Amino acid sequence: MITHDDLTARTGRIESLLRDRLGLKHGSLGRRAARAGRRLPRAIRADLCRIGEAVQLSGHPRLRHASEGGEITAACERVEQHLAGIDVRDRRIGAALGLAAVIGFNLLVVAVLFIAVLRWRGLA
């Protein structure tokens, strides 16, 4: 059985990883998982929601034993391992390259259309 103190410590580490790696600063773990969207795999989002529910249950004296400690511990480990593997620099470079590719493609399409219109009107 995982204690309330252990769970809050692990949740604190997960929250700091979410803040540092994905920029998710506000809200509960379930809310942050929803805001992360496709940046996190579905299983990790489900684990975050499960951990958030366990945190809420661990604060209640009678419902504290409703969540299984082994399952929550494994979920915490999976989430921490996945978030620790995210490279912030690589994500930013990928986003910048993706944006540059979209802009380059749009410029190419506009140039081709411009040349096509010039040829159609007989100016080129």
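These exercises walk through one protein structure, each with a worked solution.

The model is predicted, so local features need pLDDT of at least 70 and side-chain atom pairs count only at pLDDT 80 or more, while totals for chains, interfaces and linings use all residues. Residues are numbered from 1 along each chain as its sequence is written, and side-chain values use heavy atoms, with hydrogens and water left out.

**Exercise 1. Overall build**

Find how many helices and strands the protein has, and compare its radius of gyration with that of a compact globule.

Solution. 
- Step 1: Count the elements. Helices (H or I, at least four residues) and strands (E, at least two) are DSSP runs, numbered from the N terminus. The protein has five helices and zero strands.
- Step 2: Read along the sequence. The pattern is α-α-α-α-α.
- Step 3: Take the radius of gyration over C-alpha atoms; the globule rule is 2.2 Å times the number of residues to the power 0.38. A compact globule of 124 residues would come near 14 Å, but this protein has 23 Å.
- Step 4: Look at the spans. Along its principal axes, the C-alpha trace covers about 80 × 25 × 20 Å.

**Exercise 2. The core**

State which residues touch the most other members of the largest nonpolar core, and which elements give two or more residues to this core.

Solution. 
- Step 1: Buried means under 20% relative accessible area, exposed over 50%, and partly exposed in between (1.4 Å probe, protein chains only). A nonpolar core is a set of buried Ala, Val, Leu, Ile, Met, Phe, Trp, Tyr and Cys residues joined through side-chain atoms within 4.5 Å.
- Step 2: Pick out the members. The largest nonpolar core has 21 residues, and Ile14, Leu18, Leu22, Leu40, Leu48 and Leu83 touch the most other members.
- Step 3: Trace the elements. Helix H1 (4–22), helix H2 (29–36), helix H3 (42–58) and helix H4 (69–84) each give two or more residues to this core.
- Step 4: Recall the general rule. In soluble globular proteins, nonpolar side chains tend to be buried together.
- Step 5: Turn to the whole protein. Buried residues make up 25% of the 124 residues.

**Exercise 3. Leu40**

Decide whether Leu40 is buried or exposed, and list its contacts beyond four places in sequence.

Solution. 
- Step 1: Leu40 is in the loop between H2 and H3.
- Step 2: Check the area. Leu40 has a relative accessible area of 2%, so it is buried.
- Step 3: List its contacts (heavy atoms within 4.5 Å). Leaving aside neighbours within four places in sequence, Leu40 touches Leu22, Arg45, Leu48, His82, Leu83 and Ile86.
- Step 4: Leu107 is 67 residues from Leu40 in sequence and 32 Å from it in space, C-alpha to C-alpha.

**Exercise 4. The two sides of H2**

Work out which residues of H2 are buried, and why they lie on the same side.

Solution. 
- Step 1: Name them. The buried residues are Leu29, Arg32, Ala33 and Ala36.
- Step 2: Recall the geometry. An α-helix has 3.6 residues a turn, so residues three or four places apart point the same way.
- Step 3: Turn to the other side of H2. Arg31 and Ala34 are exposed there.
- Step 4: Find the cover. H1 and H3 are among what covers the buried residues of H2.
- Step 5: Step past the helix. Just after H2, Gly37 takes a positive phi of about 60 degrees.

**Exercise 5. Cysteines**

Solution. 
- Step 1: A disulfide is a pair of cysteine sulfur atoms within 2.5 Å. The count comes to zero disulfides.
- Step 2: Cys49 is partly exposed at 33% relative accessibility, whereas Cys76 is buried at 0%.

Key: Arc of directions from axis to C-beta.
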